[in-house]
Amino acid sequence: MIDPFAQLQQAQFEGLALSLYLPAGPALDQAFHHALLKDLERDWTKVLTREKRLALEREIRRVGAFLDQRSAGGRPLAIFSSEPADLLEIYRLPSDVTAELRIDRRLYLDPLVSMLGVLPLLIVAVDKERGRVFTSILDRVQQVAELRGEPIKHQRQGGWSQEKYQRREDLRAEGNARAVVDWIVRHRETYPGPIVVVGPPKARATFIQQLPDPLHAALLGEFAAPLYATSGALTEQLRGT
């Protein structure tokens with residue numbers, strides 16, 4: 001299984017970096033995180049060196065601008081920020097956290113890593129010709145593969161030849177779905193989490209029919225989404241399901 005935070009764990013920031021954990025707070029109170037941020041800054045400013053105090057002021061302004069732009073009330077957050085390194089990572093967490101703040105050359109990731117007991121989702125977007133595979137962990141969706149099968153043509157003529165043609169195209173669609181399934185089987189050790197299937201209804205059904213029993217048992221659900229959906233769009237749709 002891939003460690004999604006390996007790079008963050010290994011990174012060192014000469015200009016210092018902020019690690020910030022914010023509890024959920026009231027869902028409709030947009031000022032909650034701002035107020036908590038000010039309290040944390042005030043408490044830490046008293047004990048920091050000048051270098052760390054200046055870095056904290058810089059990163060607090062940056063995080064405050066993010067909170068102004070996007071309401072995140074009602075959700076616990078982990079935020080990692082270093083303006084000199086152009087780092088700003090925000091994770092909406094699956095469970096609440098205690099308010100914590102660190103400013104250092106390495107990120108404080110222990111609370112985040114402790115939440116990795118739940119395996120990342122494997123999201124499979126399919127249509128008749130293609131498949132895209134994503135992982136989703138801690139509210140972050142990332143594409144890991146795109147597979148293109150044989151083109152499926154459309155023929156308007158009717159009669160026996162149309163039925164024969166349609167059957168051939170259905171077999172191609174099944175072969176394309178099987179290619180996506182084969183990719184998942186080959187990479188299952190790396191991506192062992194539950195599976196969600198998205199796409200048009202017929203393409204989803206064709207794909208699900210190709211799943212071997214162990215993968216079928218891992219099927220968590222399905223919903224409609226266009227194959228060209230962005231990672232951000234899938235993230236938003238997953239939040240609503």
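Me: Which strand does S19 lie in?
Reply: S19 lies in strand β1, residues 17-22. Strands (E, at least two residues) and helices (H or I, at least four) are DSSP runs, numbered from the N terminus. This is a predicted model, where local features need pLDDT of at least 70, side-chain atom pairs count only at pLDDT 80 or more, and totals for chains, interfaces and linings use all residues. Residues are numbered from 1 along each chain as its sequence is written, and side-chain values use heavy atoms, with hydrogens and water left out.

Me: How many helices and strands does the chain have?
Reply: The chain has eight helices and nine strands.

Me: Is S19 buried or exposed?
Reply: Buried means under 20% relative accessible area, exposed over 50%, and partly exposed in between (1.4 Å probe, protein chains only). S19 has 1% relative accessibility, so S19 counts as buried. Across the chain of 241 residues, 43% are buried.

Me: What does the side chain of S19 reach?
Reply: Look for a polar contact. That is a pair of N or O atoms within 3.5 Å; within protein, one must be able to donate a hydrogen and the other to accept it, and residues adjacent in sequence count only if both atoms are side-chain atoms. Here the S19 side chain reaches the backbone nitrogen of Y108 at 2.8 Å. For contact in general, the test is heavy atoms within 4.5 Å. Neighbours within four places in sequence aside, S19 is in contact with residues including F80, R102 and Y108.

Me: How many aromatic pairs does the structure hold?
Reply: Rings of Phe, Tyr and Trp (its six-membered ring) pair if their centres lie within 6.5 Å; planes under 30 degrees apart count as stacked, over 60 as edge-to-face and the rest as tilted. The structure holds four such pairs. Take Y21 and F80: centres 5.9 Å apart, planes at 85°, so the pair is edge-to-face. Y21 is in β1 and F80 in β2 (residues 77-82), so this pair ties together parts 59 residues apart in sequence. F80 and Y91 are also edge-to-face, because their planes stand at 65°, with centres 6.3 Å apart. Y91 lies in β3 (residues 87-92), so that pair with F80 in β2 ties together parts 11 residues apart in sequence. F80 is buried at 0% relative accessible area. Y91 is buried at 6%. Ring pairs link Y21, F80, Y91 and Y108 into a cluster.

Me: Which residues have the most contacts inside the largest nonpolar core?
Reply: In soluble globular proteins, nonpolar side chains tend to be buried together. A nonpolar core is a set of buried Ala, Val, Leu, Ile, Met, Phe, Trp, Tyr and Cys residues joined through side-chain atoms within 4.5 Å. The largest one has 20 residues, and V180, I184 and F207 have the most contacts inside it. Its largest share, five residues, comes from α5. F207 touches residues including V124, A177 and V197. Apart from this core lies another, of 19 residues, with L37 and I90 among them.

Me: Where is L16 found?
Reply: L16 is in the loop between α1 (6-10) and β1. Most residues other than glycine have a negative phi. L16 is not a glycine, yet its phi is positive, about 70°.
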